Amino acid sequence: MLIDVARAASLLRENDDILVLCHSHPDGDTLGCGFGLMHMLQKLNKRCRLECADIIVKKYQFMTEGLCDCGDFEPKFIVAVDVADIKLLSDASAQKYEGRIDLCIDHHGSNLHYAKNLLLDASAAACAEIFCELADELGVEITPKIADCLYTGISTDTGCFKFSNTTSHTHVLAARLIDCGADKAEINRVFFETKSRSYAALERLALDSMRMYFDGRCAVITITQEMFRKSGSNDGETDAIPSLARQIEGVLAGVTLKESKDGSFKVSLRTHAPMDASKICKRLGGGGHTRAAGCRIHAPCEEVERLVLEQIKTELDEIDTTE
Ligand SMILES: [Mn+2]
């Protein structure tokens with residue numbers, strides 16, 4: 001059932017022993033919302049715990065400061081944040097929590113309505129935007145720590161306010177978070193101006209792998225497990241890779257094919273107008289936003305690339321005929 005912010009706030013107020021779920025391969029938005037919500041709930045003296053299927057890398061550690069460990073309780077209320085599809089929690093968690101998620105707070109238009117209650121704002125650039133309003137409805141003051149969490153969500157999901165999803169409202173909310181004490185310069189330095197040496201090595205291999213198609217309108221990058229081994233990098237620091245292909249002049253569709261340990265491929269698609277990334281990924285079993293979407297394909301690399309290129313070609317042909 002679709003609900004509004006006030007209803008979501010009262011559900012959270014009425015319940016206790018709350019489990020907060022973030023999506024696997026966590027990013028700044030899902031963790032900013034997750035930990036931001038944890039801080040809010042603890043201000044309301046609730047017991048809560050956050051769960052994420054993958055390791056949370058060091059740069060997100062600051063979000064946990066000041067939270068207390070509520071121990072291992074049996075959850076009575078389960079909230080998923082920034083999770084469009086229950087499968088994005090991880091296969092194991094999807095099985096475990098199927099039919100049990102009480103509330104989902106999300107900004108993906110492609111949300112599959114798997115939760116009992118869904119607070120959805122597809123116009124929000126980041127899910128964290130919704131949490132600014134939620135804090136007000138909960139009557140929780142936005143502390144500097146909460147501001148840091150939510151600002152990180154907004155900044156990372158908008159590519160530091162550069163992506164087309166950024167609205168004037170995004171800036172208004174970010175301004176408010178700065179007034180509440182968000183450490184904007186430090187957050188943006190860590191997330192946008194800093195690369196680990198292993199990541200820099202991976203980025204070089206990624207750029208070396210780039211192939212161009214369709215008169216330079218599509219660029220494809222492949223990240224293999226072998227590249228992780230060679231560079232010393234890992235899956236936890238690949239957030240910035242998908243935008244690389246789209247940065248090339250003339251590219252409308254930037255594709256990243258990332259090999260998982262099980263041999264399947266996570267496809268990330270970043271587009272420029274008029275290409276609809278969400279539409280293409282939906283046809284391949286995934287989803288996302290208009291300019292940033294993804295899917296997972298269980299097939300060898302060449303086959304994955306062929307399937308994705310086929311869909312992109314269809315879109316390009318359509319664009320050509322409507323022009
Ligand atoms: Mn998000």
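Across which strands does helix α4 lie, and at about what angle to β4 does helix α4 run? Helix α4 (residues 127-138) lies across β3, β4 (103-106) and β5, and runs at about 115° to β4. Here helices (H or I, at least four residues) and strands (E, at least two) are DSSP runs, numbered from the N terminus. Lying across rests on contact, meaning heavy atoms within 4.5 Å. Axes are lines fitted to C-alpha atoms, for helices over the stretch in contact, with angles from 0 to 180 degrees between N-to-C directions.

The model is predicted, with local features needing pLDDT of at least 70 and side-chain atom pairs counting only at pLDDT 80 or more, while totals for chains, interfaces and linings use all residues. Residues are numbered from 1 along each chain as its sequence is written, and side-chain values use heavy atoms, with hydrogens and water left out.

Now to the sheet itself. Five strands, in the order β2-β1-β3-β4-β5, form an open sheet with parallel pairing; two strands pair if DSSP finds at least two bridges between them. The edges are taken by β2 (48-51) and β5 (117-120), each with a single partner strand, so one side of each has no neighbour in the sheet. On average, neighbouring strands are turned by 20° against each other, direction ignored. Strand β1 (residues 18-22) runs parallel to β2 and is joined to β2 by four bridges, and I18 stands opposite C48 in β2. Another helix, α2 (residues 28-43), lies across β1, β2 and β3 (77-81), running at about 165° to β1.

On a wider scale, the domain assignment (bounds from an automatic or database source) gives domain 1 (5-192) and domain 2 (197-322). Their centres, taken over C-alpha atoms, are separated by 26 Å. Nine residues from domain 1 and ten residues from domain 2 take part in the contact. About 760 Å² is buried between the two domains, 47% of it from carbon and sulfur atoms; buried area is the accessible area (1.4 Å probe) that two parts lose on being put together, summed over both. Three residue pairs are in polar contact across this interface, both residues at pLDDT 80 or more. A polar contact is a pair of N or O atoms within 3.5 Å; within protein, one must be able to donate a hydrogen and the other to accept it, and residues adjacent in sequence count only if both atoms are side-chain atoms.

The overall count comes to 19 salt bridges.

Methods:
Salt bridge = Lys/Arg side-chain N within 4 Å of Asp/Glu carboxyl O.
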